[in-house]
Amino acid sequence: MNELMTITTGNALQQQRDAFTPDLFSRWIAFIDATEKTSATYTRNLRQFITYLQENGISQPTREDVIAYREGLKAQGKKATTIQSYLAPVKLFFTWTQTEGLYPNIAERVKGAKIDKGHKRDYLTSRQAGKLLDTIDRTTLKGKRDYAMLALMLTTGLRTISIIRADIGDIRAAGDETALYFQGKGHDEKAEYVKLAGPVEDAIRDYLKARKETNPAAPLFASEANRNAGGRMTTRSISRTAKEHMVEIGLDDERHTAHSLRHTAATLNLLNGATLEETQQLLGHANISTTMIYAHALERANNNSEKRIAAAIFG
């Protein structure tokens, strides 16, 4: 992080041109106490801010500089979520520098970009979900895998990362049901589970039988790529697989992605009589307000005001 060394940090460290040393930066990483992946993302995004300061000859950044940085991101056409991801580590960093007595928190109360609370991805209707599965060729090993994996995601709403981490041995009993235990978001152990509907369990077992793999520690869904055959799939490969089959049924747009399968599970669950609490538990939402986004969307979809008004006007 040599670029961090070039910034003067104000009165407290006025005499130290190398104030932002790798050691100092490591202390900040320890302070945020994040996962390795999150730490890497924060490091990369904070570097964007450091580069901005360097390019503009700013050695003692102020609150106005942070705001200008945000406005610059907007001018570049960055999405609100991207802007937030760039600002988050900046805010955390200066919160820490103030706590350590190194530099004032110039990012305090700097607003981020306004994010639409609605979903950026569309769900599939029950007809589209059925068609998605029906078009998969289940005579090949890849087809058996794709069918089982997408059926699992459609009926349980599991995140891609949970699919990647799933092992064969994670299929266990839960009461009188067959379940898949998984590592929930923010958890370190596979303590949560989703129930496998009969057709989904059958599809998974059909795939595993064809694959001839019984090792409990082996990935539940294995890669078919030449360089990683039998290994774990990646976020990219799962996303590509989901998109490949969506395109086959005409859903070739940016609003239909692998994450749409999670939205589909939530939406179809609510449409078919589930409560908010049941859907919250299914998706593993920490806060029910997140689940309520689905309910609000359905309320509008079920609001037939336009038809009533048109009937009053046109008869």
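**Close-up views of helix packing in a predicted model**

**View 1. Where helix 3 meets helix 4.** On the helix 3 side, V66, Y69, R70, L73 and K74 make the contact, and their partners in helix 4 are I83, Y86, L87 and V90. Sorted by class, the residues of this contact are seven nonpolar and two charged, with no polar ones. Please keep in mind that everything shown here comes from a predicted model.

**View 2. The geometry of the helix 3 and helix 4 pair.** How are these two helices arranged? Helix 3 covers residues 63-75 and helix 4 covers residues 80-99; they pack at an angle of about 160 degrees, and their axes lie 10 Å apart. Angles over 145 degrees count as roughly antiparallel, so helix 3 and helix 4 are roughly antiparallel to each other. As helix 3 passes helix 4, the crossing is right-handed.

**View 3. Helix 4 on its own.** Helix 4 is built from 20 residues, and from its first C-alpha to its last it reaches 28 Å, close to the 28 Å expected at 1.5 Å a residue. Which residues of helix 4 are buried? They are I83, Y86, L87, P89, V90, F93, F94, W96 and T97. After helix 4 comes G101, which has a positive phi, near 75 degrees.

**View 4. Helix 6 against helix 8.** Here helix 6 (residues 141-156) packs with helix 8 (residues 198-211) at an angle of about 150 degrees, and the axes are 9 Å apart. That angle makes helix 6 roughly antiparallel to helix 8. What is the hand of the crossing of helix 6 and helix 8? This crossing is left-handed, whereas helix 3 passes helix 4 in a right-handed one.

**View 5. The residues between helix 6 and helix 8.** Helix 6 brings L141, K144, R145, Y147, A148, A151, L152 and T155 to the contact, where they meet V200, A203, I204, D206, Y207, A210 and R211 of helix 8. By class, this contact holds 10 nonpolar residues, four charged and one polar.

**View 6. Stepping back to the protein chain.** Of its 315 residues, 40% are buried. Among contacts with a separation of 6 or more, 54% are between residues 24 or more positions apart.

How values were computed
Residues numbered from 1 in each chain as written. Predicted model: local features only at pLDDT ≥ 70, side-chain atom pairs only at ≥ 80, totals over all residues. Heavy atoms only, no water. Axes fitted to C-alpha atoms, helices over the stretch in contact; angles between N-to-C directions. Helix = DSSP H or I, 4+ residues; strand = E, 2+ residues; numbered from the N terminus. Parallel < 35°, antiparallel > 145°, perpendicular 65-115°, else oblique. Left-handed = near helix turned anticlockwise from the far one by under 90°. Contact = heavy atoms within 4.5 Å. Nonpolar A, V, L, I, M, F, W, Y, C, P; charged D, E, K, R; others polar. Expected span 1.5 Å × (residues − 1). Buried < 20%, exposed > 50% of the residue type's maximum accessible area, 1.4 Å probe, protein only.
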